[in-house]
Amino acid sequence: MGDAGPLEETKTLKVAVIGGGPAGLGAAIALSKLPDVEISLFERAKELREFGAGIRIGYNCWRVLELLGVADRVKGHHKTSTIHRNGLTGEKVGGTSVANLPIKYQPRRVRRTRLQSALISKVPPGVIQLNKKLASLEDLDTEGVRLTFQDGTIHTADLVVGADGIRSVCPD
Ligand SMILES: Cc1cc2nc3c(=O)[nH]c(=O)nc-3n(C[C@H](O)[C@H](O)[C@H](O)COP(=O)(O)OP(=O)(O)OC[C@H]3O[C@@H](n4cnc5c(N)ncnc54)[C@H](O)[C@@H]3O)c2cc1C
């Protein structure tokens, strides 16, 4: 047997996900499957609840939900074809048919709450922290990123996933 080298120290990567919408929850599920990764998800809301009524889930989204292991939990109304009409005249200007796709990948209109509950059910316990509105980030170079929340608390992470929506606080 040759000489065994010094044991490599395994460092846990601390990841902070900002925002508990579909993107943040999906990122938290995917990252939680990796070894040596510690995830914290910070959401500004006091409780996780969806706005809006329905969301259309198409082929690419079904594939992602499948990879995340939540596709079976998302039920909705099938849409096998779409017709686009001129809003003023009603004239047909285009359309798509997805009849050739396997049924599980066909577009469906889904209640947002169902999508969110399905995603939340796969986030490991203890990951989601509510009532945590990110106020600012500071790059500490080799020391990671310092996150400061509106309530004055501070968290340091090696990697930040900005999933805080269209008015993101996180820089590009
Ligand atoms: C009326 C409407 C209809 C739509 N219909 C469809 C559709 O049919 N199909 C489709 O695919 N898409 C649809 N969309 C788009 C879809 O809603 C968005 O693409 C999706 O919500 C984006 O997800 P997200 O997780 O990136 O962001 P968001 O859903 O916006 O989630 C961001 C999360 O971050 C939190 N947050 C924000 N700032 C902070 C902060 N500083 N600190 C901590 N947390 C924070 C928010 O509270 C929120 O929970 C629709 C959008 C609208 C408005």
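The model is a predicted one, so local features need pLDDT of at least 70 and side-chain atom pairs count only at pLDDT 80 or more, while totals for chains, interfaces and linings use all residues. Residues are numbered from 1 along each chain as its sequence is written, and side-chain values use heavy atoms, with hydrogens and water left out.

A search of the whole structure turns up two aromatic pairs (rings of Phe, Tyr and Trp, the last by its six-membered ring, with centres within 6.5 Å; planes under 30 degrees apart are stacked, over 60 edge-to-face, the rest tilted). Phe-42 and Phe-149 make a tilted pair, at 4.6 Å centre to centre and 45° between the planes. This pair ties strand 2 (residues 37-42) to strand 10 (residues 145-149), across 107 residues; helices (H or I, at least four residues) and strands (E, at least two) are DSSP runs numbered from the N terminus. Both Phe-42 and Phe-149 are buried, meaning under 20% relative accessible area, with exposed over 50% and partly exposed in between (1.4 Å probe, protein chains only).

Tyr-59 and Tyr-105 pair up edge-to-face, with 5.2 Å centre to centre and 80° between the planes. Here Tyr-59 belongs to helix 2 (residues 59-68) and Tyr-105 to the loop between strand 6 (92-97) and strand 7 (108-111), 46 residues apart. Tyr-59 is partly exposed at 34% relative accessible area, whereas Tyr-105 is buried at 12%.

As for helix 1 (residues 22-32), its buried residues include Gly-24, Ala-28 and Leu-31.
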